[in-house]
Amino acid sequence: MFCVVKLSGDLPLGTVVQFDTVNNVWTTATAHNDLIGVISQAPQQNEDDLTWWAPVVFAGVTQALAHEAIPDQGGELSINNGKVLVDNTADGCGIIAPIARGQASRVANDLVMVHIR
């Protein structure tokens, strides 16, 4: 599930976002306690008012930026500064997929497969 939403700026593809109620835009997520989404296509700037818009996935499978090395077995999805990491002690809002056949181990800033629930 995705929809095109207004962003706080030109955020990178794969950034995890949450809603900023003060500015009424989606901005870099700091935690997984609120509704989150992942930018699924490069943001586009509106020429009329210079606002940034992008499709954001709110549920299902997508690719998100890794905050740090991701264990080959994957695990519970957690968020740090708009990027994902495995934290199996937290009550996550999704999972990070295990390493796929033939794929190299995932490191910081790689796009990794996640399932948001």
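**Close-up views of a predicted model**

**View 1. Cys93 in the loop between β9 and β10.** In this predicted model, C93 sits in the loop that joins β9 (83-86) to β10 (94-96). Its relative accessibility is 12%, so C93 counts as buried, the cut-off being under 20%. Apart from neighbours within four places in sequence, the residues in contact with C93 are H32, I36, L77, H115, I116 and R117. The C-alpha atom of C93 is 7.3 Å from that of S78, a residue 15 positions away along the chain.

**View 2. The largest nonpolar core.** This core has 16 residues, and those that touch the most other members are V16, I36, L77, V84, I96, V112 and V114. Two or more residues each come from β4 (36-39), β8 (75-80), β9 and β11 (111-116). With three residues, β11 provides the largest share of this core. In soluble globular proteins, nonpolar side chains tend to be buried together.

**View 3. Surroundings of V84.** Residues up to four places away in sequence are not counted here. V84 touches V16, A64, L65, A66, H67, E68, I70, L77, S78, I96, V112 and V114.

**View 4. A nonpolar patch on the surface.** The patch consists of F2, V4 and W53. Together these residues have about 310 Å² of accessible area. V4 lies in strand β1, which covers residues 2-7.

Technical notes:
Residues are numbered from 1 along each chain as its sequence is written. This is a predicted model: local features need pLDDT of at least 70, side-chain atom pairs count only at pLDDT 80 or more; totals for chains, interfaces and linings use all residues. Side-chain values use heavy atoms; hydrogens and water are left out. Helices (H or I, at least four residues) and strands (E, at least two) are DSSP runs, numbered from the N terminus. Buried means under 20% relative accessible area, exposed over 50%, partly exposed in between (1.4 Å probe, protein chains only). Contact means heavy atoms within 4.5 Å. Patches are made of residues with over 30% relative accessible area and no salt bridge: like charges are joined within 9 Å, nonpolar side chains (Val, Leu, Ile, Met, Phe, Trp, Tyr) within 5 Å. Accessible areas come from the Shrake-Rupley method with a 1.4 Å probe; for residues, only the protein chains shown count as cover. A salt bridge is a side-chain nitrogen of Lys or Arg within 4 Å of a carboxyl oxygen of Asp or Glu. A nonpolar core is a set of buried Ala, Val, Leu, Ile, Met, Phe, Trp, Tyr and Cys residues joined through side-chain atoms within 4.5 Å.
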